[in-house]
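Below is a short report on one protein chain.

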Amino acid sequence: MANLVIDIGNTFTKIAVFDNDELLYTEHFITVDPGTLNKFLTSYPIDKAIISSVKKDEEDWQTILSEKTQLTYFSAGMTTGIHNHYLTPNTLGLDRLAAVTGAGYLYPGKNNLVIDGGTCITYDYIDSNRNYFGGSISPGLAMRYNALNYYTSNLPVVKADDKFTDNLGKDTLTAIQSGVQNGIKYELTGFIESYTKDQQQLNIILTGGDSIFFDTLLKNSIFAPYIKIEPHLVLKGLNAAIQKHND
């Protein structure tokens with residue numbers, strides 16, 4: 001039997017099918033409806049399902065899913081062996097908790113710094129004994145570009161460009177690209193450097209929609225050999241949580 005894993009984020013809903021730890025299929029959607037759900041239920045022998053959502057309101061298809069599977073809603077209480085020391089666990093984003101759950105499950109006995117490049121950039125650290133104390137949240141790549149246009153009168157909307165590598169912007173467009181992309185690069189290397197001062201043996205895990213872009217920003221850094229890309233880390237963490245929860 002298979003597990004259906006659903007991560008409802010700010011922008012997209014990501015759906016994945018797992019057979020134990022093996023990721024069989026994944027797809028992301030702007031909206032999900034009963035027809036979308038039925039596609040998965042008829043294509044795979046789904047037994048268990050888990051939903052993690054940043055939204056408070058449930059949709060109709062979630063009720064259908066609860067009737068057809070053993071449905072679990074991911075929560076702060078499902079730490080899957082993680083010692084959660086976050087001072088306000090009920091305010092901890094479930095995507096962050098799922099990501100560190102995935103890191104602890106995939107890389108047991110390791111110190112892991114999880115960098116999730118999504119709507120926001122989050123930095124979360126879980127040590128080799130699975131202690132989690134928290135991390136950092138900053139604006140994401142697209143948010144930074146859009147904010148420059150939204151909060152000013154004359155700056156245009158500019159798209160990210162992984163081929164732009166200069167420090168110096170020679171016109172307004174490249175000046176914005178330099179500020180945003182180099183700003184993120186120096187932020188990434190600054191956080192990584194601060195963690196490696198305390199933990200010499202550190203896994204650096206990049207995940208989220210901008211993980212490949214961030215890897216490009218860091219490809220010439222001294223940290224490049226220690227970087228692991230796990231684009232589906234949150235989904236894998238949720239899958240680990242449902243397996244442990246139902247054991």
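In this predicted model, valine 17 has its bridge partner in E3, namely tyrosine 25. E2 and E3 run antiparallel and are joined by seven bridges. Two residues separate the strands of this hairpin. Asparagine 20 sits there, in the loop between strand E2 (13-19) and strand E3 (22-29). Its phi is positive, near 55°. Most residues other than glycine have a negative phi. Asparagine 20 counts as exposed because its relative accessibility is 51%, and exposed means over 50%.

Another loop residue has a positive phi. Arginine 130 is not a glycine, yet its phi is about 65°. It lies between strand E8 (120-126) and strand E9 (131-139). With a relative accessible area of 23%, arginine 130 is partly exposed.

**The open sheet**

Which strands make up the open sheet, and in what order? Six strands form it, in the order E6-E9-E8-E7-E10-E11, with mixed pairing. Strand E6 (83-84) and strand E11 (227-229) stand at the edges. Each has a single partner strand, so one side of each is left without a neighbour in the sheet.

E7 and E8 pair in the antiparallel sense, over six bridges. Within this pair, aspartate 116 has threonine 122 of E8 as its bridge partner. In a regular strand the side chains alternate between the two faces of the sheet.

Two helices meet these strands. Helix H5 (residues 172-198) packs on the sheet and touches E7, E8, E9 and strand E10 (203-207). The direction of H5 makes about 10° with that of E8. Helix H4 (residues 141-150) lies across E8 and E9 and runs at about 30° to E9.

**Cores and helix H3**

The largest nonpolar core has 25 residues. Those touching the most other members are Val5, Ile50, Phe74, Val100, Val114, Ile205 and Leu238. E2, helix H3 (94-106) and helix H7 (233-245) each supply at least two residues of this core. A second, separate core of 23 residues includes Leu113, Val158, Ile176 and Leu206. In soluble globular proteins, nonpolar side chains tend to be buried together.

Beyond residues up to four places away in sequence, valine 114 touches Ala99, Ala103, Thr122, Tyr123, Asp124, Ile205, Thr207 and Leu233.

How many of the 13 residues of H3 are buried? The count is 10, so H3 is largely enclosed by the rest of the structure. Among the buried ones are Leu94, Arg96, Val100 and Gly104. H3 reaches 18 Å from its first C-alpha to its last. That is close to the 18 Å expected at 1.5 Å a residue.

**Single residues**

Asparagine 112 lies in strand E7 (residues 112-117). A polar atom of its side chain lies 3.4 Å from the backbone oxygen of tyrosine 107. Setting aside residues up to four places away in sequence, the residues that asparagine 112 touches include Ala103, Gly104, Tyr107, Asp124 and Ile205.

Serine 211 belongs to helix H6 (residues 211-217). Leaving aside neighbours within four places in sequence, serine 211 is in contact with Leu206, Ile229 and Pro231.

Glycine 183 is placed in helix H5. Not counting residues up to four places away in sequence, glycine 183 touches Arg144 and Ser178. Its C-alpha atom is separated by 30 Å from that of histidine 85, 98 residues apart along the chain.

| Residue | Relative accessibility | Class |
|---|---|---|
| Asparagine 112 | 1% relative accessibility | buried |
| Serine 211 | 2% relative accessibility | buried |
| Glycine 183 | 27% relative accessibility | partly exposed |

How values were computed:
Residues are numbered from 1 along each chain as its sequence is written. This is a predicted model: local features need pLDDT of at least 70, side-chain atom pairs count only at pLDDT 80 or more; totals for chains, interfaces and linings use all residues. Side-chain values use heavy atoms; hydrogens and water are left out. Helices (H or I, at least four residues) and strands (E, at least two) are DSSP runs, numbered from the N terminus. Buried means under 20% relative accessible area, exposed over 50%, partly exposed in between (1.4 Å probe, protein chains only). A polar contact is a pair of N or O atoms within 3.5 Å; within protein, one must be able to donate a hydrogen and the other to accept it, and residues adjacent in sequence count only if both atoms are side-chain atoms. Contact means heavy atoms within 4.5 Å. A nonpolar core is a set of buried Ala, Val, Leu, Ile, Met, Phe, Trp, Tyr and Cys residues joined through side-chain atoms within 4.5 Å. Two strands pair if DSSP finds at least two bridges between them. Axes are lines fitted to C-alpha atoms, for helices over the stretch in contact, and angles run from 0 to 180 degrees between N-to-C directions. The expected span of a helix is 1.5 Å times one less than its number of residues.
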